[in-house]
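Dear colleague,

I am handing over a structure that you have not worked with before, and below it I have set down what was found in it. Please read the notes with the model open beside them.

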Amino acid sequence: MAEPLFQKVLVANRGEIAIRVMRACRELGIKTVAIYSDADNKALFAMYADEAAHVGPAPSSQSYLNIEKIVEIAKSTGCDAVHPGYGFLSENYRFAQRCEEEGITFIGPSSYVIEKLGSKIESRKIAKSSDIPTVPGTVDAVSDVEEAIEVGRRIGYPALIKASAGGGGIGMRVVNSEDEFKEALESTMRMAGSAFGDSSVFIEKYVLNPRHIEIQILADNFGNVIYVSDRECSIQRRHQKLIEEAPSPIMTPELRKRMGEAAVRAAKAVGYSNAGTVEFIYSDGQFYFLEVNTRLQVEHCITELVTGIDLVKEQIKVAAGLPLTIKQEDIAIRGHAIECRINAEDPLNDFAPSPGKIRRYRSSGGPGIRVDSGVHTGYTISPFYDSMISKLCAYGADRDEAVARMKRALYEYVVIGVTTNIPFHKAIMENEEFEKGNLSTKFIEDNNIIAAVKGVLERDSVKGATLASALDNDEIVVAAITAAVSSYMANIAEVDSKKQSKKGSK
Ligand code: MV4
């Protein structure tokens with residue numbers, strides 16, 4: 001076999017994404033080092049790695065966010081590269097910089113680019129000067145109320161104040177009229193100052209009920225940039241994405257080309273390298289640049305399903321200094337993919353996390369199903385980190401087939417011991433507006449999804465209800481799991497007959 005691209009990669013993350021990255025490393029013949037906190041000392045991802053090093057106590061600030069400790073482990077274990085995954089240090093330019101200083105390859109863009117795009121004001125300027133549509137608003141930071149009010153008169157209300165150092169919805173404040181501006185501006189600046197150490201804010205027109213569409217890009221160290229696919233991530237709750245799909249149901253080849261080429265222009269303008277995502281909002285036939293995420297994203301899997309490209313392997317190859325071998329014209333979107341984030345949380349209790357021990361676990365499978373996960377029977381979901389159990393992805397020749405596969409996969413999925421959002425996903429997959437592809441960032445509220453979740457729970461309640469008291473009896477467990485899996489046709493028939501009678505009465 002040829003020389004591996006790197007000798008050893010430290011994966012500075014945990015859970016399913018750590019495993020995802022290590023899988024790519026294995027396929028490329030690269031050794032891996034995991035870091036684990038006190039809460040993760042028996043976690044699957046730490047076992048999966050060739051080596052694992054303790055990084056610190058359970059709180060992230062003392063473990064997965066401890067830059068110096070992680071760099072020290074990378075050096076002492078002889079790693080020549082670090083993959084940051086998503087979240088944690090993935091968009092921290094100081095971490096990338098420390099790796100650069102130590103001669104360790106950071107698998108991501110340069111620290112310079114991460115820092116530049118970390119500023120939403122800078123990003124907006126880059127987009128504007130690259131001829132990419134931006135939402136009407138200010139070019140520079142605004143700190144003066146008089147000036148803010150002037151901007152409000154120009155762009156109209158509602159307006160939106162955004163922290164330059166924010167992103168992902170953090171540090172935003174809607175302003176409905178002139179008299180709200182003073183208080184809103186001062187409080188957003190104060191908030192940004194204490195949260196990010198940077199109080200600069202800018203103002204945009206607030207686009208109501210937009211759709212969230214993003215473009216995956218790949219870039220090498222030689223200035224080659226391609227757009228890989230679009231994804232729609234409109235179904236989210238408080239900026240937590242719950243369902244994503246590729247392509248967007250509204251995408252056309254012409255729109256994809258325009259948005260894709262805009263994303264590539266932005267990337268070229270900053271000298272971007274590695275994988276990234278250019279985020280847009282879409283409303284009334286128009287798209288507007290929002291920000292660039294300088295990391296691999298949670299939902300990268302659906303892009304992999306519709307393009308056949310292994311994004312993590314591509315990240316590793318370009319980071320090792322290879323030129324991109326995929327050409328724009330080689331990329332074809334084939335079929336449709338949907339991701340449901342399966343979380344240990346209670347949709348009927350304001351999505352409160354439900355950490356704890358998974359007593360029985362059986363994930364879905366079969367044609368078109370991909371499950372990325374770091375859990376198993378007996379695994380305890382820690383309250384210290386996010387409550388994701390897995391990413392359940394369904395692929396089909398078209399959107400209808402992807403939805404049908406997702407529905408049956410949700411019925412096959414068995415998680416006993418913690419409350420999950422599986423009923424929430426069933427409710428969405430059955431929703432007529434979802435079936436039609438009518439999505440928006442207010443989808444959950446607008447479609448009464450929480451009430452529908454209650455309906456799903458009542459309808460689908462199976463013998464599993466008696467499980468808590470009978471978990472030690474394997475026969476009861478087996479009966480409950482098979483009952484859950486086999487309840488699909490009866491329940492779907494009920495859904496269909498309801499839809500039919502609704503149509504009949506119209
Ligand atoms: C907006 C917007 C409406 N108008 N900007 C939220 C995440 C961050 N990237 C920017 N976000 C938004 N920016 C203007 N001028 C609405 C949102 C927004 C949103 C965007 C994408 C996905 C979900 C969202 C939920 C609420 C608000």
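**The shell around the ligand**

Sorted by class, the residues that form the shell around the ligand are seven nonpolar, six polar and five charged. Please keep in mind throughout that this is a predicted model. Of the 18 residues around the ligand, those that come nearest are E204, K205, V207, E279 and E291. Four strands, β6 (159-167), β8 (201-205), β12 (274-283) and β13 (286-293), each supply at least two residues of this shell.

A polar side-chain atom of E204 lies 2.7 Å from a ligand nitrogen, and a polar side-chain atom of K162 lies 3.0 Å from a nitrogen atom of the ligand, whereas V207 brings a backbone N or O atom to 2.9 Å from a nitrogen of the ligand. The ligand taken alone exposes 510 Å², and the protein buries 93% of that.

**Helix α11**

Helix α11, which spans residues 311-319, is mostly covered, with eight of its nine residues buried; these are L311, V312, K313, E314, Q315, I316, V318 and A319. At the start of the helix, a side-chain oxygen of D310 reaches to within 3.2 Å of the backbone nitrogen of V312, and just after the helix G321 takes a positive phi of about 100°.

Which residues does Q315 contact, once its neighbours within four places in sequence are left aside? They are H83, I107, N274, A275 and L296. Q315, whose place is in helix α11, counts as buried because its relative accessible area is 1%, where the cut-off for buried is under 20%.

In soluble globular proteins, nonpolar side chains tend to be buried together. Here the largest nonpolar core has 97 residues, of which L10, F45, F95, I389, M429 and F434 touch the most other members. Helix α1 (residues 15-27) gives the largest share of this core, namely seven residues. Apart from this core lies another, of 27 residues, and I132, Y227, F280 and F289 are among them.

With kind regards

Terms used: Residues numbered from 1 in each chain as written. Predicted model: local features only at pLDDT ≥ 70, side-chain atom pairs only at ≥ 80, totals over all residues. Heavy atoms only, no water. Buried < 20%, exposed > 50% of the residue type's maximum accessible area, 1.4 Å probe, protein only. Polar contact = N/O pair within 3.5 Å; in protein donor to acceptor, adjacent residues only side chain to side chain. Contact = heavy atoms within 4.5 Å. Near = heavy atom within 4 Å. Areas by Shrake-Rupley, 256 points an atom, 1.4 Å probe, with all protein chains shown as cover. Nonpolar A, V, L, I, M, F, W, Y, C, P; charged D, E, K, R; others polar. Core = buried A, V, L, I, M, F, W, Y, C linked by side-chain atoms within 4.5 Å.
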